[in-house]
Amino acid sequence: MDVSVIIVNYNSFQLILDSIESIYEFTDGVNFEIIVIDNDSTERDIEQINKHYKDVVFIKNNKNRGFGSGNNLGAKYANGEYLFLLNPDTVLLNNAIGKFFEFCRQDRNVGIVGGNLYDANRMPAFSGWRFLPSLLSKIDFLLHDQLGNILKKVGHFNFTGLPQKVGYISGADLFIPKRIFLDAGGFDEDFFMYYEETELTYRVKKLGYDVYLLPDAKILHLEGQSETDAEKVAYRMRKSEKLYYIKTKQRYLIRLCYIIDTLHYHIHILYNRLKGDHSKIKLFSDKLCLIRKIERI
């Protein structure tokens with residue numbers, strides 16, 4: 001078996017059907033299997049998945065222990081030389097799996113690879129970043145975000161047309177040799193959701209492997225459709241970000257990054273006041289209020 005595609009589900013049955021359909025439609029030249037891990041969904045329609053796709057391996061978790069835990073369970077059942085950890089809210093736009101597979105086979109020092117992600121409007125979406133989370137990456141992200149308003153460019157997408165070495169890639173489409181996944185110890189299950197793939201990347205890099213973003217592997221990411229409560233998402237993300245800094249011995253960044261994020265939103269509010277864009281003023285004012293609320297929890 002070349003590749004084991006692992007999809008962790010929580011109340012995302014319709015999204016998963018589209019994702020699986022795209023895998024069968026586009027994947028070529030690769031012997032693969034699909035493993036769906038259900039994290040004890042309250043909606044039981046996922047149990048009908050084998051009526052749609054008989055070859056899919058379906059495993060029901062008796063408790064929702066989080067994204068990383070679900071993928072760790074899937075890896076135990078995986079027969080593939082490589083693992084492709086795919087979000088349920090994704091749709092392949094080309095033979096991305098084949099491209100990942102060939103790229104990794106050419107260089108055994110590749111630890112993790114991901115593709116260019118697109119949003120529902122087929123516009124560039126967050127696909128990765130050139131640094132792992134740190135003070136440098138926070139400042140870099142802030143500068144890119146502000147300059148992007150002027151230059152109409154973003155720093156989270158591979159525009160080069162060539163494989164690009166990066167700090168980390170989005171956890172929506174993480175392709176990794178199984179041997180490296182196991183050597184790194186899999187996901188840290190202290191993370192329930194968010195930053196678990198980044199922390200895994202941190203450990204993979206510590207082992208001496210490289211991380212790449214492939215522009216010719218294209219995937220639609222319907223971000224937010226599998227998790228619709230914006231405040232809950234923001235809270236989980238901030239909680240996981242703090243845990244990441246603790247795990248990677250950067251505890252000093254917890255308070256500092258809050259200050260940087262606050263500055264970030266203030267700059268957006270000021271910029272949009274100068275433009276007279278009241279909808280954007282409200283958007284970033286709401287975000288500012290939300291992170292202040294989360295920080296008090």
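Where is Lys249 found? Keep in mind that the model is predicted.

## Lys249

Lys249 sits in the loop that runs between helix 8 (230-247) and helix 9 (253-275). Its backbone has a positive phi of about 60°, although Lys249 is not a glycine. Is Lys249 buried or exposed? Its relative accessible area is 76%, and because exposed means over 50%, Lys249 counts as exposed.

## Asn11

Another loop to find in the model lies between strand 1 (3-9) and helix 1 (13-26), and Asn11 is located there. Asn11 is a residue other than glycine with a positive phi, near 55°. The relative accessible area of Asn11 is 24%. Since buried means under 20% and exposed over 50%, Asn11 is described as partly exposed.

## The whole chain

Now zoom out. The chain contains ten helices and eleven strands. Its radius of gyration is 19 Å, close to the 19 Å that the globule rule gives for 297 residues, so the chain is as compact as a globular protein of that length. Along the principal axes, its C-alpha atoms fill a box of roughly 55 × 40 × 40 Å.

Of the 297 residues, 53% count as buried. Take the contacts between residues at least 6 apart in sequence: 77% of these join residues at least 24 apart.

## Surface and charge

The chain exposes about 14,500 Å², and carbon and sulfur atoms supply 53% of that area. How many positive and negative side chains does the chain have? There are 39 positive and 38 negative ones, and the centres of the two sets lie 7 Å apart.

Technical notes:
Residues are numbered from 1 along each chain as its sequence is written. This is a predicted model: local features need pLDDT of at least 70, side-chain atom pairs count only at pLDDT 80 or more; totals for chains, interfaces and linings use all residues. Side-chain values use heavy atoms; hydrogens and water are left out. Helices (H or I, at least four residues) and strands (E, at least two) are DSSP runs, numbered from the N terminus. Buried means under 20% relative accessible area, exposed over 50%, partly exposed in between (1.4 Å probe, protein chains only). The radius of gyration is taken over C-alpha atoms; the globule rule is 2.2 Å times the number of residues to the power 0.38. Contact means heavy atoms within 4.5 Å. Accessible areas come from the Shrake-Rupley method with a 1.4 Å probe; for residues, only the protein chains shown count as cover. Lys and Arg count as positive and Asp and Glu as negative; His and the chain ends are not counted. The place of a charge is taken as NZ of Lys, CZ of Arg, CG of Asp or CD of Glu.
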